[in-house]
Amino acid sequence: MTETIVLAEITKGAVHPTTAELITAAQKLGSQPIVVVPCTDASIADIAASYAGSARVIAAKSDVFSNYDAAGWAAALDAVAPSGVLIASASPQSKDLAARIAARRGISVVQDVVKIDGNNLTSPIYSGKAMQTVAIDGDAAITVRPNVFDAVSSDGSADVSVVDTTGDVATAVMEIMERASSRLDVAEANIIISGGRGMGSPDNFVHLEAVADTLGAAVGASRAAVDTWEAIPHSMQVGQTGKTVNPNLYIAVGISGAIQHLAGMRSSKYIVAINKDADAPIFQHADYGIVATWEEALPVLQSTLSSMMA
Ligand SMILES: Cc1cc2nc3c(=O)[nH]c(=O)nc-3n(C[C@H](O)[C@H](O)[C@H](O)COP(=O)(O)OP(=O)(O)OC[C@H]3O[C@@H](n4cnc5c(N)ncnc54)[C@H](O)[C@@H]3O)c2cc1C
């Protein structure tokens, strides 16, 4: 049986809980995975060791992991991860990383997997309009969409070995200067409330932020909103040319539901749409729809949620 190797998802220097879903995905391929944790401080691998169902954990320690850089991370991980089927999260960072490692190893890459049945991997294509199933035979690098597979429990106690790795790293990113924002990124959120051009002005996004703060949600946007208003950064864009998200709850406010927007959020567990136009395409994909202006709907939603959360 081919070995499976989970590449732990790292966010802000810590193991992201979606790593527990990757172990489930690896088990569906038929083996207990080795979990590789890119780190500068090996103690962060303890979280990965607590996830049940892995064979062992390798804390891959290198200064190169202090900031994400595709070439450096791929070189360092290639030097330490055993050969086999590599499984990473379908986050923008890890999709990039999986492709780089696959290129280094000369193995196939399958992105955005949502179903695993034996060696058959299913993923959406054509902006989610169709699904394709491919069979892997031998080593490959695959990324798995977050929130699709159940997470394994946290009562494991896998052995952790620490391996210093640098690989053949030619360049490394020393510092990333982030735009000052304390808000949760859409790619990491379990609940997202997104605004479209129907919000009328970037100033009106404060109403979305108020709901987001009540729910612990991230604020996203359509491309029309991002392109129209400089104050709405591209990092908030959800869709075909933005981020693909898969939260438990996606609230679309003043968003028409163009196919390119749907491509990034249609697999959300629950979709709620608020739009003043009853014929807006978003309602065809929403589990719950509110036909109203956001000016009418958001204050009611906000006060109801506030009293529920109190
Ligand atoms: C190659 C390509 C890639 C693209 N990639 C993306 C992408 O990644 N993400 C993306 O989002 N788009 C993308 N687009 C653009 C996409 O086609 C749409 O133009 C865009 O999604 C529309 O954004 P919107 O729904 O916010 O705006 P609009 O289409 O203008 O819709 C605004 C909606 O708000 C409603 N509304 C207006 N006022 C109110 C109010 N007061 N209260 C409630 N509702 C109101 C209207 O009824 C309408 O449905 C892409 C397009 C192309 C060609």
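Axes of packed helices are lines fitted to C-alpha atoms over the stretch in contact, and the angle between two of them runs from 0 to 180 degrees between N-to-C directions. In this predicted model, helix α5 (residues 205-215) packs against helix α8 (residues 294-309) at an angle of about 20°, and their axes are 10 Å apart. Because angles under 35 degrees count as roughly parallel, α5 is roughly parallel to α8. The two helices, α5 and α8, cross with left-handed geometry. On the α5 side the contact is made by H207, A210, V211, T214 and L215, and on the α8 side by W294, L298, L301, Q302, L305, S306 and M309. Sorted by class, the contact of α5 with α8 comprises eight nonpolar and four polar residues, with no charged residues.

The crossing of α3 past α4 is right-handed. From α3, the residues A70, A71, W73, A74, L77 and D78 take part in the contact, and from α4 the residues D96, L97, R100, I101, R104 and R105. By class, seven nonpolar and five charged residues make up the contact of α3 with α4, and no polar residues occur in it.

The two pairs are set out below.

| Helix pair | Angle | Axis distance |
|---|---|---|
| α5 (residues 205-215) and α8 (residues 294-309) | about 20° | 10 Å |

The domain arrangement is as follows. The protein chain is divided into domain 1, covering 4-164, and domain 2, covering 186-309. Between the C-alpha centres of domain 1 and domain 2 the distance is 30 Å. Contact between the domains involves nine residues of domain 1 and twelve residues of domain 2. The side of domain 1 that touches domain 2 has, by class, three nonpolar, five polar and one charged residues.

For the protein chain as a whole, the secondary structure amounts to eight helices and 17 strands. Its radius of gyration is 20 Å, close to the 19 Å given by the globule rule for 310 residues, so the protein chain is as compact as a globular protein of that length. The C-alpha trace of the protein chain spans about 55 × 40 × 35 Å along its principal axes.

Conventions
Residues are numbered from 1 along each chain as its sequence is written. This is a predicted model: local features need pLDDT of at least 70, side-chain atom pairs count only at pLDDT 80 or more; totals for chains, interfaces and linings use all residues. A crossing is left-handed if the near helix is turned anticlockwise from the far one by less than a right angle, and right-handed if clockwise. Helices (H or I, at least four residues) and strands (E, at least two) are DSSP runs, numbered from the N terminus. Two residues are in contact if their C-beta atoms, placed from the backbone, lie within 7 Å. Ala, Val, Leu, Ile, Met, Phe, Trp, Tyr, Cys and Pro count as nonpolar, Asp, Glu, Lys and Arg as charged, and the others, Gly among them, as polar. Domain bounds come from an automatic or database domain assignment. The radius of gyration is taken over C-alpha atoms; the globule rule is 2.2 Å times the number of residues to the power 0.38. Angles under 35 degrees count as roughly parallel, over 145 as roughly antiparallel, 65 to 115 as roughly perpendicular and the rest as oblique.
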